[in-house]
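Reader: I've never read a protein structure before. Could you walk me through this one, feature by feature?

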Amino acid sequence: MSICAACGEGLDIGATICRFCAEPTTIPDDDTRIEIDVRLLDRLGDWSQIKHEIVERYAAAYTTIVSRQSVIKRMLYVDAFAGAGIAEDRETGELLRGSAIRLLEVEPRFQELHFVEQNENKAAVLEQLTSFDRRVQVHRGDANEVLTRDILPKCRWEDYHRALCLLDPYGLAVDWKVVHTIGQMGSVEIFYNFMVMDANRNILWRNPEKLPQERLRKMDFVWGDRTWTDQLYEQTEDLFGPRAEKLPNAAVAEAFRTRLQKVAGFQYVPAPIPMKNTRGATVYYLLFASPNKTGAAIVEDIFNKYRQ
Ligand SMILES: C[S@@+](CC[C@H](N)C(=O)[O-])C[C@H]1O[C@@H](n2cnc3c(N)ncnc32)[C@H](O)[C@@H]1O
């Protein structure tokens, strides 16, 4: 399948202009067509599109507010688990813009956009799709390492830089140390996708002491320490004796929200929004954490509009 290098939409077979953005699809000596292997694209459910809308709406409010502060020198957007920039609708097979491509169009504009992607094929597609935009840098590698080494040093409060960062992994993959560092910086706001379905399936079983070591360590990595075995369980007793029962999903998300505030040091963390699949099961909670009261109030308002 060919897609338009200017807007990321699918091209009609044989078309010489894109019917979505009207850009020419072939220019002499500079072919704008990009061949994409659709098998490597993520397949997004409704909840992903809601997430995109939420992040995009807040990003526009964010750049509007921050750009009015003359002291601020740079606004950055960071998509730490960026994907290929386009994805496929799980239901219809239609091509959709991913979070990275959607954020390119936010006005007022971010001055820098940093996209991190570990999968080489996806990173290559993303690089091609964004090659027309000089504000973009595609980083290959593990988001936790790239953020710490290459991106967060560009977002320092004392340099008058401010950033909005999307942490949107497939599963439990964000290192708490990175979240804690961001919380302490005071210059970066995050949307964080907390994968409660992954946690329930693979880690938050009854009686966590029976879990294999590597699963315990995975949750420690995301939570920052082993306190989750106390905070996410309650002790109950039945005919078979005492046992540790996992708290309901909403209480798990609330415990993580509290941790973002009390341990990582984000001043404002509105109640998260559950993202559900078509069967009504919560796949993940979208959290927002910020040093900024106004930002948190705006996100709270946006979350409330989508909560139903
Ligand atoms: C949920 S998808 C991202 C979707 C994208 N944010 C969107 O909404 O369009 C997660 C992406 O993270 C990538 N990924 C997984 N582990 C990673 C890691 N440790 N560092 C960077 N990228 C990673 C995957 O290859 C995948 O493309």
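Author: Let's start with the ligand: 20 residues surround it, and the closest are Phe81, Gly83, Gly98, Gln118 and Ala143. To count here, a residue needs its C-beta atom, placed from the backbone, within 6 Å of the molecule. Keep in mind that this is a predicted model: local features need pLDDT of at least 70, side-chain atom pairs count only at pLDDT 80 or more, and totals for chains, interfaces and linings use all residues. Residues are numbered from 1 along each chain as its sequence is written.

Reader: Which classes of residue make up the shell around the ligand?

Author: The shell has eight nonpolar, six polar and six charged residues. Here Ala, Val, Leu, Ile, Met, Phe, Trp, Tyr, Cys and Pro count as nonpolar, Asp, Glu, Lys and Arg as charged, and the others, Gly among them, as polar.

Reader: Okay, now the whole chain. How many helices and strands are there in the protein chain?

Author: The protein chain has 10 helices and 16 strands. Both are DSSP runs numbered from the N terminus: helices are H or I with at least four residues, strands are E with at least two. Buried residues make up 37% of the 308 residues. Buried means 20 or more other C-beta atoms within 10 Å of a residue's own, exposed means 12 or fewer, and partly exposed is in between, with C-beta atoms placed from the backbone.

Reader: How do I read a helix with buried residues?

Author: An α-helix has 3.6 residues a turn, so residues three or four places apart point the same way. Now look at helix 7 (residues 213-223), where Met219, Val222 and Trp223 are buried. Seen down the axis, these buried residues fall within an arc of 95 degrees, so they line one face of helix 7. That arc is taken over the directions from the helix axis to the C-beta atoms. On the other side of helix 7, Gln213, Glu214 and Arg217 are exposed.

Reader: What do the buried residues of helix 7 pack against?

Author: They pack against helix 5 (176-185) and helix 8 (228-231). A contact means two C-beta atoms, placed from the backbone, within 7 Å.

Reader: What is the strand order in the open sheet of three strands?

Author: That order is 5-7-8, again with mixed pairing. Strand 5 (43-44) and strand 8 (95-97) are the edge strands, each pairing on one side only. Strand 7 (residues 86-89) and strand 8 run antiparallel, joined by three bridges.

Reader: Where would I see a hairpin?

Author: Look at strand 13 and strand 14, which form a hairpin with two residues between them. Strand 13 (residues 233-238) and strand 14 (residues 241-246) run antiparallel and are joined by six bridges. Tyrosine 233 stands opposite lysine 246 in strand 14. Of the six residues of strand 13, the number buried is zero, so strand 13 lies largely in the open.

Reader: Which peptide bond is cis?

Author: The one from glutamate 107 to proline 108 is cis, with omega near -10 degrees. You'll find proline 108 in the loop between helix 2 (99-104) and strand 9 (112-117).

Notes
Pairing = 2+ DSSP bridges.
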